[in-house]
Amino acid sequence: MFVIDSGWQLLGWAMVFIGLILFNELARRTKIGGIACFIALPAALTVYFVVLYASAAAGMDWALNNPTYIHMTSWRAFTSRRRTPTPTKSSSAPTITTRLLPVPTNKAWLISKRRTASPPPN
């Protein structure tokens, strides 16, 4: 559970939140901001992550000790440790099951040029 137990934590959260709002407005309202946020920044981050990952694979010390590389897959470790509760027989809540929708086997419907939401009647 997320608990704010420090004023510095709250200040950091507020600064990040306000910064995201400001960068969003900059990207939306100006052409230069849009190019910087949606082209330049993703390109630079892609180059950084590829170089970091390749350097770590080559065994370079600076990459292996880089906090970005150390925590690069930490969300997987977190999600793999989480367990979903299994419903019990005494539970009054209905269990949701997933079923695959039937796939039409009429090949004429698959090849036809008509764009319909449902297959034609047999």
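Tutor: N66 is buried, at a relative accessible area of 12% (buried is under 20%, exposed over 50%, partly exposed in between, with a 1.4 Å probe and protein chains only). The model is predicted, so local features need pLDDT of at least 70 and side-chain atom pairs count only at pLDDT 80 or more, while totals for chains, interfaces and linings use all residues. Residues are numbered from 1 along each chain as its sequence is written, and side-chain values use heavy atoms, with hydrogens and water left out.

N66 sits in the loop that runs between α3 (61–64) and α4 (67–70); helices are DSSP runs of H or I with at least four residues, numbered from the N terminus. Setting aside neighbours within four places in sequence, N66 contacts Y48 and L52, where contact means heavy atoms within 4.5 Å. Y48 belongs to helix α2 and is partly exposed, with a relative accessible area of 33%. Beyond residues up to four places away in sequence, Y48 touches T68 as well as N66.

Helix α2 (residues 31–57) also meets helix α1 (residues 7–29): their axes come within 5 Å and cross at roughly 120° (axes are lines fitted to C-alpha atoms over the stretch in contact, with angles from 0 to 180 degrees between N-to-C directions). That makes α1 oblique to α2, oblique being what remains after under 35 degrees (roughly parallel), over 145 (roughly antiparallel) and 65 to 115 (roughly perpendicular). On the α1 side the contact involves F23, L26, A27 and R29, and on the α2 side K31, G33, G34, C37 and F38.

Terms used
Helices (H or I, at least four residues) and strands (E, at least two) are DSSP runs, numbered from the N terminus.
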